[in-house]
Amino acid sequence: MAGAIARALWRKKVPLHVSRMSYSSSVPTTKLFIDGKFVESQTSEWLDIHNPATNEVIGRVPKATDGEMLAAVDSCTRAYATWSETSILSRQQIFLRYQQLIKENIKELSKSITVEQGKTLADAEGDVFRGLQVVEHACSITSLMLGETLPSITKDMDTYTYRLPLGVCAGIAPFNFPAMIPLWMFPMGMVCGNTYLLKPSERVPGCAMLLARLLQDAGAPDGTLNIIHGQHAAVNFICDHPAIKAISFVGSNQAGEYIYERGSKNGKRVQSNMGAKNHGVIMPDANKENTLNQLVGAAFGAAGQRCMALSTAILVGEARDWLPELVDRAKNLRVNAGDQPGADVGPLISPEARNRVNSLIQSGVDEGAKVLLDGRSVKVKGYENGNFVGPTILGNVTTDMKCYTEEIFGPVLVVLEADSLDDAITMVNSNPYGNGTAIFTTNGATARKYTHEVDVGQVGVNVPIPVPLPMFSFTGSRGSFRGDTNFYGKQGIHFYTQIKTVTSQWKAEDATLKSPAVTMPTMGR
């Protein structure tokens with residue numbers, strides 16, 4: 001099947017590994033996906049796409065024109081009339097085929113991610129796989145979308161509810177998970193009967209374009225998914241257009257707060273997953289070997305560019321003595337381009353991101369933190385122009401330091417110390433973010449106390465990155481989330497549907513009333 005798709009893409013002059021290029025110029029260009037067609041933008045404004053390992057320009061992405069964005073929404077609107085009435089079994093069948101096509105093309109999807117985003121191939125495969133799991137769960141839509149019924153609430157009267165799609169929905173995706181986050185969005189929205197407008201990150205559009213091609217091959221009708229590209233104007237368009245009923249967003253706090261406020265003012269549902277400062281609390285009774293390995297992987301994997309990265313460690317009591325061993329393990333991680341064998345940590349997304357991370361490390365030094373492992377001067381042979389920062393560990397960090405209060409979004413672990421579990425819980429709850437946290441312990445009572453008292457939406461017990469599987473929902477809270485309904489799982493179904501309640505009465509003794517009833521209906525008497 002992968003070979004057949006590859007041949008089809010080449011016939012259409014769209015290379016498989018990015019599924020977006022044309023050969024009209026010396027620099028490949030990303031297409032728009034409108035009404036079932038990959039079309040060249042007529043814009044005069046283009047953005048360069050860089051390989052983060054080399055900073056070479058590998059393509060260009062358009063800032064879609066107003067006319068192109070309107071055409072995309074109009075396509076969604078036209079398609080909604082028939083897609084919303086398509087049987088739920090037919091929609092299910094499309095996504096059953098879709099999940100199989102993703103499995104068959106996971107290597108190609110992963111390669112496109114590594115080229116544009118920089119993460120290692122193994123991590124890129126994990127990116128695709130976690131998104132695939134959401135698609136697989138969406139195939140359970142015939143159970144997930146069931147309504148409720150209560151018969152005989154009074155004589156001959158029944159009440160029942162059913163879930164209906166909203167209309168045109170939109171997703172604004174970040175750069176750090178080019179497959180997983182879009183797959184959190186449009187499959188859940190579409191399987192519920194909505195049509196979808198997706199704006200992938202302008203830094204990493206290639207994977208989303210290939211996902212669109214695979215969805216088309218799975219049988220999705222033209223117009224059910226449209227893709228536009230751009231920056232601020234595209235975001236404002238999505239927030240403002242009256243045909244768009246709901247917006248899903250994952251990204252920074254600044255953008256997330258803006259999209260939530262602007263979209264909500266325009267009467268749209270908005271779910272906005274934003275920044276984080278995730279704490280790992282290490283108790284002295286924890287399994288040392290397992291805990292240290294988990295900390296290193298969760299702090300430095302994906303070069304720390306995860307909203308669920310375990311970026312902060314709190315060593316409780318005697319666990320502070322483990323710090324030298326933690327540093328030694330982090331030193332052994334191999335920094336290299338993501339497509340190189342044995343790479344553990346790839347580059348950051350851009351020179352600006354690298355400079356920001358280095359600046360936050362220096363701010364910690366200036367405020368009294370101790371650099372226990374410094375990755376700022378790391379050099380990668382053959383990739384000297386890449387955006388690399390090696391694993392970095394800062395000790396003696398306090399909660400008032402900038403390196404603690406700001407999300408670093410890089411391969412940096414800040415280490416705090418606490419005398420007791422209560423002190424650690426106070427630290428975590430005093431932080432404004434609430435995305436994720438983890439405790440490492442072998443004591444069940446300790447684990448239970450922590451999970452019950454910590455005010456964070458997702459908690460791991462000896463699990464460093466507690467992102468729930470899609471039969472549950474992603475439940476970040478407090479400063480990490482805006483909205484009432486979370487991503488995927490039951491919450492995702494609720495977000496992308498509205499409830500209609502029907503109360504009906506069919507009297508057994510008489511089909512018609514003999515006289516009008518003018519008093520207030522009193523059900524249940």
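Student: Which residues does Thr195 touch, not counting residues up to four places away in sequence?
Tutor: Thr195 touches Cys76, Ala79, Tyr80, Trp83, Gly167, Val168, Cys169, Gly223 and Thr224. Contact here means heavy atoms within 4.5 Å.

Student: What kind of model is this?
Tutor: This is a predicted model, where local features need pLDDT of at least 70 and side-chain atom pairs count only at pLDDT 80 or more, while totals for chains, interfaces and linings use all residues. Residues are numbered from 1 along each chain as its sequence is written, and side-chain values use heavy atoms, with hydrogens and water left out.

Student: Back to Thr195. Where does Thr195 lie?
Tutor: In strand E8, residues 195-199. Helices (H or I, at least four residues) and strands (E, at least two) are DSSP runs, numbered from the N terminus.

Student: Is Thr195 buried or exposed?
Tutor: Buried, because its relative accessible area is 0%. Buried means under 20% relative accessible area, exposed means over 50%, and partly exposed is in between (1.4 Å probe, protein chains only).

Student: Cys76 was on that contact list. How many disulfides does the structure hold?
Tutor: It holds 0 disulfides. A disulfide is a pair of cysteine sulfur atoms within 2.5 Å.

Student: Which cysteine sulfur is nearest to that of Cys76?
Tutor: That of Cys169, 9.2 Å away. Cys76 counts as buried because its relative accessibility is 0%.

Student: New topic: strand E10. How many of its residues are buried?
Tutor: 6 of the 7 residues in E10 (residues 244-250) are buried, so the strand is largely enclosed by the rest of the structure.

Student: Which strands join E10?
Tutor: Strand E7 (residues 168-172) runs parallel to E10, with 5 bridges between them. Strand E11 (residues 269-273) also pairs with E10 in the parallel sense, over 5 bridges. Two strands pair if DSSP finds at least two bridges between them.

Student: Which residues are bridge partners there?
Tutor: Ile172 has Phe249 of E10 as its partner. Val250 has Asn273 of E11.

Student: What do E10, helix H10 and E11 make?
Tutor: A right-handed β-α-β unit, with H10 covering residues 253-265. A crossover is right-handed if, with the strands pointing away from the viewer, the path from the first strand over the helix to the second runs clockwise.

Student: Now E18. Which way do its residues point?
Tutor: Thr437 and Ile439 point one way, Ala438 and Phe440 the other, and all are buried.

Student: Which strands does E18 run parallel to?
Tutor: E12 is joined to E18 by 4 bridges, and they run parallel. Gly280 has Ala438 as its bridge partner in E18. Strand E19 (residues 459-461) is joined to E18 by 3 bridges, also parallel. Ile439 stands opposite Val461 in E19. From E18 the chain crosses through helix H16 (residues 444-453) to E19, in a right-handed β-α-β crossover.

Student: On to helix H11. How many residues, and what reach?
Tutor: H11 (residues 288-300) has 13 residues and reaches 18 Å from its first C-alpha to its last, close to the 18 Å expected. The expected span is 1.5 Å times one less than the number of residues.

Student: Which H11 residues are buried?
Tutor: Thr291, Leu292, Leu295, Val296, Ala298, Ala299 and Phe300. An α-helix has 3.6 residues a turn, so residues three or four places apart point the same way.

Student: What do the buried residues of H11 pack against?
Tutor: Several elements, including helix H12 (323-331), strand E12 (279-282) and strand E18 (437-440).

Student: What caps the N-terminal end of H11?
Tutor: Asn287, with a side-chain oxygen 3.3 Å from the backbone nitrogen of Glu289. H11 is followed by Ala302, whose phi is positive, near 60 degrees.

Student: What about phi of Phe409?
Tutor: Phi of Phe409 is near 60 degrees, a positive value in a residue other than glycine. Phe409 lies in the loop between helix H14 (402-405) and E16. With a relative accessible area of 21%, Phe409 is partly exposed.

Notes:
Polar contact = N/O pair within 3.5 Å; in protein donor to acceptor, adjacent residues only side chain to side chain.
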